[in-house]
Amino acid sequence: MSKRICGVLTAIVTPFDSEGALNLTELRNQVNRQLNAGNGIFCGGTNGEFFVLNEEEKIAVTRTCVEEVAGRANVVAHIGEISTRETIRLGKQIEKLGVDAVSVITPYFVPLKQQELIAHYTAIADALSVPVFLYNIPARTGNTIEPETAKVLAAHPNIIGIKDSAGSYESLGGFLDAVKDIEGFDVLNGPDSLIHQGFVDGCSACISGLANVAPKEINAIWARFKTGDIAGSHEAQESVTGLRTDLYKVAFSPAAVKKALQIMGYEVGASRYTVTFNAQQEKQIQQIINNYLQ
């Protein structure tokens, strides 16, 4: 890869129409919202509802993002499936589309030993030409990549970093410490509450679901940090943390983010998975938007 992936990448939502089919026109609109705020794109992840998309849809989403970005920012696509074979199958199709890198969640449902995770990721990185990020989100998969495992995998020339969405500073710090002396291997922060601290401690980028709702506010954390305004970056983080805390109390974060976008007037459609919002919850989200973004 010619350059590091730095700054903010938005874990972009996958818009659906009133019938529940992909709404690629609105996806293009959302991509441009993020580009206008200075953010790159991470597609097909948790906020993109990869777990309810079929293979054809995952490819269509990635193709649309790459086409709309048109080289103006980084695009990273998530390709993780439950098996090594299926991950490689999808990855071989995604890498043809021109993404800068791919991200691979740990297999889920089946508990794996660390050596099995090493074998899984090594096989994927061997099979693909596109650079690979590990993706650690144990609360959703039941499998945790340990820092020492990441260090072992960092020796692979096609594995360029890890996205940590474990949700704690202890986890993020563990990865940063384990790979601090390994050139060409970056740590990407997942939790929106740790964006500022992640940059301070050495993360090259963050992957933000909340940036769907607040693209400029999330980008301000990075933009101020990059210019050396550490206090300003921290201040931007404090505001975002309040938004995150209040919004994510209402529902599972991807659903809450998508509902907030709907309330803000964007035609992203409802989530495909089984989640509902009553009138009181919608009123709560509207008030949260008014409090933080108006």
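# Close-up views of a predicted model

**View 1. Strand S8 and its two faces.** Ala205 and Ile207 point one way from S8, Cys206 and Ser208 point the other way, and all are buried; here buried means under 20% relative accessible area, exposed means over 50%, and partly exposed lies in between, using a 1.4 Å probe and protein chains only. In a regular strand, side chains alternate between the two faces of the sheet. Strands (E, at least two residues) and helices (H or I, at least four) are DSSP runs, numbered from the N terminus. A note on the source: this is a predicted model, in which local features need pLDDT of at least 70 and side-chain atom pairs count only at pLDDT 80 or more, while totals for chains, interfaces and linings use all residues. Residues are numbered from 1 along each chain as its sequence is written, and side-chain values use heavy atoms, with hydrogens and water left out.

**View 2. The partners of S8.** Strand S1 (residues 7–11) runs parallel to S8 (residues 205–208), and 4 bridges join them; two strands pair if DSSP finds at least two bridges between them. Along this pairing, threonine 10 has serine 208 as its bridge partner, and valine 8 stands opposite cysteine 206. Strand S7 (residues 186–189) also pairs with S8 in the parallel sense, over 2 bridges, with cysteine 206 as the bridge partner of asparagine 189. From S7 the chain passes through helix H8 (residues 195–201) to S8 in a right-handed β-α-β crossover. Right-handed means that, with the strands pointing away from the viewer, the path from the first strand over the helix to the second runs clockwise.

**View 3. Strand S1 and its link to S2.** What share of S1 is buried? The strand is mostly covered, with 5 of its 5 residues buried. S1 runs parallel to strand S2 (residues 40–43), and 3 bridges join the two. Alanine 11 of this pairing stands opposite phenylalanine 42 in S2. Together with helix H1 (residues 24–37), S1 and S2 make a right-handed β-α-β unit.

**View 4. Nonpolar cores and cysteine 65.** The largest nonpolar core has 47 residues, of which Cys65, Ile94 and Leu134 touch the most other members. Such a core is a set of buried Ala, Val, Leu, Ile, Met, Phe, Trp, Tyr and Cys residues joined through side-chain atoms within 4.5 Å. Leaving aside neighbours within four places in sequence, cysteine 65 is in contact with Ile12, Leu27, Val31, Ile41, Cys43 and Val75, where contact means heavy atoms within 4.5 Å.

**View 5. Threonine 62 in helix H2.** Beyond neighbours within four places in sequence, threonine 62 is in contact with Cys43, Ala77, Ile94, Leu97 and Val99.

**View 6. Two residues with positive phi.** Glutamate 49 sits in the loop between S2 and H2, and its phi is near 55°, a positive value in a residue other than glycine. Glutamate 49 counts as buried because its relative accessibility is 1%. Phenylalanine 109, in the loop between strand S4 (101–105) and helix H4 (114–127), has phi near 75°, again a positive value in a residue other than glycine. Phenylalanine 109 counts as exposed because its relative accessibility is 75%. Not counting residues up to four places away in sequence, phenylalanine 109 touches Ile82 and Thr141. Phenylalanine 109 and glycine 142 are 33 residues apart in sequence and 6.7 Å apart in space, C-alpha to C-alpha.

View 7. The structure holds 7 aromatic pairs; rings of Phe, Tyr and Trp (its six-membered ring) pair if their centres lie within 6.5 Å, with planes under 30 degrees apart counted as stacked, over 60 as edge-to-face and the rest as tilted. Ring pairs link Phe50, Phe51, Phe252 and Tyr273 into a cluster. Arginine 33 lies over the face of tyrosine 266, at 4.3 Å from the ring centre, and lysine 163 lies over the face of phenylalanine 42, at 5.4 Å from the ring centre. A charge sits over a ring if NZ of Lys or CZ of Arg is within 6 Å of the ring centre and within 35 degrees of the ring normal.
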